[in-house]
Amino acid sequence: MRTIVFVLFTLFIFLNGQSQGLLTEKNNFTHQDTLRGSITPEREWWDLTYYHLDVEVKPDAKFISGKNTIQYKVLKPHQVMQIDLQPPLQITKVLQDGEELQIRHDGNAHFVTLINQQKIGTVNSIDVFYEGQPTEAKRAPWDGGFSWKKDHNGKDFIATSCQGLGASVWWPNKDHMYDEVDSMLISITNPKGLTNVSNGRLRKLIDNGDTVTSHWFVSNPINNYGVNINIGDYANFSEVYKGEKGDLDMNYYVLKDNLEKAKAHFKDAPKMMEAFEYWFGPYPFYEDSFKLVEVPYLGMEHQSSVTYGNQYKEGYLGRDLSGTGWGLKFDFIIIHEAGHEWFANNITNKDIADMWIHEGFTSYSENLFLDYYYGKEASADYVIGTRKNIQNDKPLIGYYDVNNEGSSDMYYKGENLIHTLRQLVEDDQKWRQILRGLSSTFYHQTVTTKQIEDYLSEQTGIDLTAFFNQYLRTIKIPTLEYRIKKGKLKYRWINTVENFDMPIQVEINGKSEWLFPKMKWQSKKVASEDFIIDRDFYVNAKKI
């Protein structure tokens with residue numbers, strides 16, 4: 001959302017059952033889901049090292065053609081390689097060392113038989129040629145594909161977005177999150193008079209006569225869905241941010257008519273960078289710069305090429321998703337999508353079932369942006385305000401190995417479970433170091449939920465097994481059941497998983513103190529019946 005959940009839009013998608021990508025409701029899985037979502041034998045034997053994606057975009061025909069050179073290192077002997085590309089696009093041929101290879105097509109998966117013996121440790125490459133009219137996104141970014149639009153002047157305004165549905169909706173690749181390519185060259189040819197902006201840094205621009213080719217180089221590992229094309233009548237302005245690792249180039253590409261508006265509105269970008277470097281550590285892609293690129297849809301976390309379509313409004317298209325007023329203090333898309341540079345692009349889930357890692361921490365980053373500029377109470381107001389959007393329809397973790405996301409609650413419930421965890425740490429400087437440690441410990445890595453759980457348990461010094469089982473793997477909200485009678489408070493946890501014993505802060509007779517509830521009744525003497533649970537804990541209360 002990487003990818004944004006807007007509550008009304010989410011409900012629309014679920015009720016109509018039309019989403020093709022992110023947030024798709026699905027319980028029955030197919031052979032194709034397994035081919036897409038698992039580390040198949042035809043994937044596991046080779047490690048991605050480099051892509052050169054070379055594509056021509058023809059807007060009038062909504063047609064693309066080109067090739068992807070896929071360089072890889074052999075991990076163990078095997079002769080068949082799985083390449084993913086979704087119809088109606090077609091692979092026309094695959095070459096290795098000038099020889100055409102045999103291909104067996106199985107839906108979205110294409111199995112290429114290699115002629116040369118694949119020896120362990122060698123680095124080889126294949127060229128995958130393809131063409132066609134790619135899937136057109138109907139409701140980007142909630143579904144995937146190309147957005148073929150026009151700007152107000154009638155000029156082509158084109159962009160790609162593909163989280164969930166997958167990058168193979170528009171280019172051939174190893175379409176699984178576990179293996180990120182080490183570096184990448186993106187060469188895009190488009191009609192002259194339009195500018196393409198992709199990930200990384202622009203190496204060169206070639207005038208071909210009627211067309212122009214831009215070559216963008218990404219020097220850091222990048223996930224497939226983070227790769228993008230953005231073509232429009234762009235104007236560019238830039239600034240240099242003095243960051244933790246030195247000078248960071250921050251570039252902005254907007255439609256020419258919006259240039260002056262963007263220069264004023266995009267001041268949220270360096271503010272974002274300052275706050276997030278404080279909380280999460282250095283921006284993870286200094287070598288590739290940071291860009292905001294205007295697109296004809298809401299926005300997406302494309303690595304070093306974050307896309308923007310929030311209409312130059314504060315909040316989410318002018319609305320505050322928390323209902324507190326604090327959500328109108330910043331441009332939601334700039335803050336949320338840029339937050340994904342740390343959580344989604346730097347730290348990436350190995351399996352899309354663990355997407356809560358992307359969306360929970362990034363939604364929480366909105367809260368920390370407010371904390372940095374407006375204080376702890378403002379940030380608490382905001383994150384607590386989002387609880388009304390939690391549906392508790394299904395667990396945050398999806399089904400593994402079938403390309404399945406968990407509940408859309410990964411946003412609001414995700415940020416609230418993290419906010420609750422902050423309370424258990426009881427030390428904001430320690431909490432900050434834990435968050436910064438996530439970025440450094442898992443720098444440019446793909447991870448599992450277990451790795452994140454183990455890290456947080458170790459760094460907090462708390463066994464968080466039951467905590468995460470409760471909030472990630474069930475739809476139950478822990479409920480503190482209590483009664484006060486004749487000067488005695490009795491309390492216990494109900495609606496919880498086995499061994500759930502999270503401590504909680506309460507206010508009794510105006511004084512804050514900790515309780516340590518278990519699943520069995522406990523009691524203590526109290527001088528008053530005034531009893532309030534600290535609002536920072538995402539729990540329910542039941543007085544009996």
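Let's start at W356. Setting aside neighbours within four places in sequence, W356 is in contact with F361, L396, I397, M410, T449, I452, F468 and L472. Contact here means heavy atoms within 4.5 Å.

A word on the source. This is a predicted model, where local features need pLDDT of at least 70, side-chain atom pairs count only at pLDDT 80 or more, and totals for chains, interfaces and linings use all residues. Residues are numbered from 1 along each chain as its sequence is written, and side-chain values use heavy atoms, with hydrogens and water left out.

Which residues have the most contacts inside the largest nonpolar core? They are F266, W356 and F531, and that core has 93 residues. A nonpolar core is a set of buried Ala, Val, Leu, Ile, Met, Phe, Trp, Tyr and Cys residues joined through side-chain atoms within 4.5 Å. Buried means under 20% relative accessible area, exposed over 50%, and partly exposed in between, with a 1.4 Å probe and protein chains only. In soluble globular proteins, nonpolar side chains tend to be buried together.

Next, helix α11, residues 449-460. Helices (H or I, at least four residues) and strands (E, at least two) are DSSP runs, numbered from the N terminus. Helix α11 has 12 residues and reaches 16 Å from its first C-alpha to its last, close to the 16 Å expected at 1.5 Å a residue. The expected span is 1.5 Å times one less than the number of residues. Buried residues of α11 are T449, I452, E453, Y455, L456, S457 and T460. What do they pack against? The partners are α7 (356-374), α9 (412-425), α10 (428-441), β22 (445-447) and α12 (465-473). Just after α11, G461 takes a positive phi of about 75 degrees.

Now the strands. Two strands pair if DSSP finds at least two bridges between them. Strands β16 (residues 234-243) and β17 (residues 246-255) run antiparallel, joined by 10 bridges. They form a hairpin with two residues between them. F237 has Y252 in β17 as its bridge partner.

There is also an open sheet of three strands, in the order β3-β7-β6, with antiparallel pairing. Its edge strands, β3 (80-84) and β6 (102-106), each pair on one side only. Five bridges join β6 to β7 (residues 109-113). In that pair, R104 stands opposite F111 in β7.

Last stop: S65, in strand β2 (residues 63-74). Buried or exposed? S65 counts as buried, because its relative accessibility is 18%. Not counting residues up to four places away in sequence, S65 touches D54, V55, E56, Y130 and E131.
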